[in-house]
Amino acid sequence: MEVKRIGVVGAGQMGSGIAQVAASAGYEVVLVDVAEGFLERGLAAIRRSLGKFLEKGKITQEAHDEALRRIRTSLSLEALKDADLIVEAIVEDEGEKRRLFERLGALAKPEAILASNTSSIPITALARSSGRPERFIGMHFFNPVPLMPLVEVIRGELTSEETRDVVVEVARRMGKTPLEVQDYPGFVSNRLLMPMINEAIEALREGVATKEAIDGVMRLGMNHPMGPLELADFIGLDTCLAIMEVLHRGFGDDKYRPSPLLRRMVQAGLLGRKTGRGFYVYDEKGNKIG
Ligand SMILES: NC(=O)c1ccc[n+]([C@@H]2O[C@H](COP(=O)([O-])OP(=O)(O)OC[C@H]3O[C@@H](n4cnc5c(N)ncnc54)[C@H](O)[C@@H]3O)[C@@H](O)[C@H]2O)c1
């Protein structure tokens with residue numbers, strides 16, 4: 001099957017990035033969210049990112065304009081009826097995602113492929129809700145999507161090889177490197193990354209070092225481009241907590257117990273860059289100011 005039209009559900013940090021790389025790769029894109037304000041914020045992020053590529057001479061004015069032209073927005077899932085591939089990037093909540101996939105499974109055209117950008121929720125379970133498990137797959141992009149080369153491709157128990165092949169081809173056309181991993185909690189990326197972030201939060205809670213020192217150790221000693229606490233702010237603390245909970249439940253092992261400090265910060269609405277405050281403080285443009 002040849003993919004021409006891609007639907008993206010959720011216009012947040014990830015969905016807007018996915019819409020951007022899809023449009024830049026030449027696909028017609030429909031981006032859906034639940035409120036106009038979210039769509040506007042998503043489009044603003046896309047304009048900013050494409051603008052930076054243009055400024056740096058990485059794309060031409062024509063490619064910039066064409067990519068923007070290819071993105072339509074909608075508040076209705078009905079707008080996805082013609083899509084060949086629909087990528088879901090809504091909140092990391094299994095119930096929400098299952099409900100969405102029940103609806104998408106019923107309204108998308110029969111041959112369409114449904115994909116989830118979930119960071120950790122079992123693909124096999126989401127596939128079942130969609131009612132089309134053979135044409136369902138995990139397509140896990142990384143943040144910021146326009147810059148990060150990896151897409152983890154996760155087949156559920158019943159995902160067909162054809163579906164995998166189509167999605168691998170789409171990821172390559174977007175300029176990404178797809179790597180296939182099995183459907184286990186957290187896949188590979190978050191099974192390794194999130195316990196490290198959680199441990200950094202525990203180290204902070206225990207007073208082992210200041211947040212700056214914890215991040216500095218990992219940047220200067222391990223050559224990580226960002227320390228784990230900065231990275232947690234960047235990902236979103238709500239998403240980090242949701243992933244730890246999936247790992248904890250999925251493996252039934254207390255080594256994945258979410259840090260109580262992480263839980264408390266999420267309860268307080270300190271979600272990181274997207275709310276202006278997490279471990280650090282950010283201005284409206286997302287620049288760290290404290
Ligand atoms: N943040 C990261 O670094 C990262 C990396 C890889 C994958 N992910 C995954 O991507 C997904 C989205 O994460 P994000 O960081 O973009 O979150 P976000 O909070 O920035 O955006 C989520 C968007 O989904 C919208 N939404 C919620 N429910 C919806 C529904 N039923 N229909 C349509 N839109 C709906 C919200 O309004 C919001 O705009 C999550 O599953 C997350 O685990 C995140």
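Lys-274 is partly exposed, with a relative accessible area of 43% (buried means under 20% relative accessible area, exposed over 50%, and partly exposed in between, using a 1.4 Å probe and protein chains only). This residue sits in the segment after α11 (260–267), where helices (H or I, at least four residues) and strands (E, at least two) are DSSP runs numbered from the N terminus. Beyond its neighbours within four places in sequence, Lys-274 is in contact with Gln-13, Gly-236, Asp-238 and Thr-239, contact meaning heavy atoms within 4.5 Å. The side chains of Lys-274 and Asp-238 are joined by a polar contact of 3.1 Å. A polar contact is a pair of N or O atoms within 3.5 Å; within protein, one must be able to donate a hydrogen and the other to accept it, and residues adjacent in sequence count only if both atoms are side-chain atoms.

A word on the model: it is predicted, so local features need pLDDT of at least 70 and side-chain atom pairs count only at pLDDT 80 or more, while totals for chains, interfaces and linings use all residues. Residues are numbered from 1 along each chain as its sequence is written, and side-chain values use heavy atoms, with hydrogens and water left out.

**Annotated sites**

An unreviewed UniProt entry lists a "binding site" that includes Gly-10, Glu-92, Ser-119 and Lys-274. UniProt positions follow the numbering used here, feature names are shortened, and annotations may be inferred rather than shown by experiment. Another "binding site" listing from UniProt (unreviewed entry) has Ser-49, Lys-56 and Ser-119. These span 71 residues in sequence and their farthest two C-alpha atoms are 30.7 Å apart, so they do not all gather at one spot.

| Residue | Relative accessible area |
|---|---|
| Gly-10 | 7%, buried |
| Ser-49 | 17%, buried |
| Ser-119 | 13%, buried |

Gly-10 lies in the loop between β1 (5–9) and α1 (13–24). Ser-49 belongs to helix α2 (residues 36–55). Ser-119 is placed in the loop between β5 (113–116) and α5 (123–130), and, not counting residues up to four places away in sequence, touches residues including Glu-92, His-140 and Thr-239.

**Two domains**

An automatic or database domain assignment gives domain 1 (5–182) and domain 2 (189–281). Their contact takes ten residues from domain 1 and nine residues from domain 2. How many residue pairs are in polar contact between domain 1 and domain 2? The count is three residue pairs, both at pLDDT 80 or more.
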